[in-house]
Amino acid sequence: MSAAAGRPARRGAVAGIAVMGAVLAVAVAVAVTARAQQLVADLSSHLIAITTGFTGTEVVLFGTTGGEGDVAVVVTGPRLSATVRRKGRIAGIWVNRDSAVFDQVPSFYTVATSRPLEDFAGDPVLERHQIGAANLDLTPATPLAPADLVAFRAALIRNKQREGLYGVAMGQVNFLGERLFRTNIYFPANVPTGLYNVEVFLIRDGEVVNAQTTPLVVSKVGFSAEVYDFARGQPVLYGVVAVIGAVAAGWLAGAFFRKV
Amino acid sequence: MQVYLPIAEMSVNSLGVLIMGWLVGFLSGMFGVGGGFLMTPLLIFIGVPPAVAVGTQSNQLVAASVSGVLAHWRRGNVDVKLGTVMLVGGLVGTSIGVWIFGVLQRLGQIDVAIGLSYVFFLGIIGSLMLVESVRAMLRRRAPAAGRGKLHHHIWLHGLPLKMRFHRSKLYISALLPAAIGAVGGMLVAIMGIGGGFLLVPAMIYLLNMPTALVAGTSLYQIIFTTAIATLLHAATNNTVDVMLALLLLIGGVIGAQVGTKAGGYLRGEQARALLGFLVVAVAARLAWDLVVPPADLFTVATGVPR
């Protein structure tokens, strides 16, 4: 937790108080069934509601490990196809020239770990579980030359990071005592909607010994959801309503300012 | 206050957008133009996807031209017959434009197409305006001999399908206003502008229309071309954000009223010189963006092509 986090940190603190009770409950449950060797984790909320005033939010993940080990938390947004385009200069103007389509690209991706990833896990494990942006399984729809594949793949991740949708640095998973852990997952204002997977891995001696997946839904709610659904569901009617609204607004404005 | 735009899928500062709408409205009221040529680049600049900027701007222009045409209508400065002939061409042009827009969007070339058409049209029109107004200022200092012929005939006036337009006192081929309307309609669809800055000079110089009727008549047909463009953009490209349009509208309408009053203090050629300068400046800025090497050669579009 850095002091530079500012506003999210404060909000995190508020959420944290609410969460502490739940964390304690988990702790008690674990203490009672002391022999249970399992990983238990949950989120402070399973629904992120994008309302008209949405400016990004934070969700707290907390849980307990069944034993020794390091924790890696991977948040993956809905997988969509993504088109990466490369500009080239034509007659002095920069124009999109080559493109590559990647299927199944996570629209959101962050990782949080209890220690630097390379300190407790090797490449094969990270690749198998797609932990870390470098280990994401991104394959183009049509085969590319190796050099191009590297460039387009890196560009895809770089652009997503610039949009704030892929984590640039690893997040921090904090241990409270030996078994309890928690981490704050931040979602920016432009977070894509859909079904997210929050995977928690317990890694011991370089191997994943336990894993758990928790779903998370990001959804537009209220007015913005209704507008979006209307625009997608009945695009023609939406257009008609938009035009009628504009004519009425223009008319009103003209009539009003004539009197002023 | 931050407001989430449901179609653009981003959060913007509502006060910032209101002020932007006000500023553009002020300038458009002052110079008597639609202001789309300023608003669309500004929207793109604050991060609205170009396609959404164009679609939304056409929706906003419907309202702006309705409120603008009312004043002209009251003074009887709208030639409905001529405007309707232009409109027929305008509808064809808009439909073609929205179709081209969709194709370019799928090809990933829409950004550069918008940029190029802005540089091309704004560059030409802006320089012409600047030159013409500077000449007018010089002429004012050294008054020349009286005016020339009322109409000068060029080959364009020899086209078939002649029609009489009583209101404008014109007897010209219907193909001419229809063609002007068609070009205007394409501009609406591709650039998200009303096209007034192109229609007005075309109507004055190509149709020899009485100047008093030009603004009202072009606004009259812009209402319909922007309405059709809104409809088609919403139906085929899903790029009309009513929330954003509403914010722009509120700021724009108020700004336009203040701007109209401020415009009263400017002389005609001064206003045209300033506007010309503004248009050229926007074109130069956009041209710079096209030429300068981009910070990242790569861009990513999610889930667009099918």
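Analyst: A residue is called buried if 20 or more other C-beta atoms, placed from the backbone, lie within 10 Å of its own; with 12 or fewer it is exposed, and in between it is partly exposed. This is a predicted model, in which local features need pLDDT of at least 70 and side-chain atom pairs count only at pLDDT 80 or more, while totals for chains, interfaces and linings use all residues. Residues are numbered from 1 along each chain as its sequence is written, and chains are lettered from A and ligands numbered from 1 in the order in which they are written.

User: What share of chain B do buried residues make up?

Analyst: Of the 306 residues in chain B, 53% are buried.

User: Why is chain B called as compact as a globular protein of that length?

Analyst: The globule rule is 2.2 Å times the number of residues to the power 0.38, and the radius of gyration is taken over C-alpha atoms. For 306 residues the rule gives 19 Å, and chain B has a radius of gyration of 20 Å, which is close, so the name applies.

User: What makes a nonpolar core, and which residues have the most contacts inside the largest?

Analyst: Such a core is a set of buried Ala, Val, Leu, Ile, Met, Phe, Trp, Tyr and Cys residues joined through C-beta atoms within 7 Å. The largest has 157 residues, and those with the most contacts inside it are A:Leu61, A:Ala72, A:Val73, B:Leu122 and B:Ile223.

User: How do you know where this core lies relative to the domains of chain A?

Analyst: Domain bounds come from an automatic or database domain assignment. Domain 1 (3-221) and domain 2 (222-260) of chain A both give residues to the core, so it lies between them.
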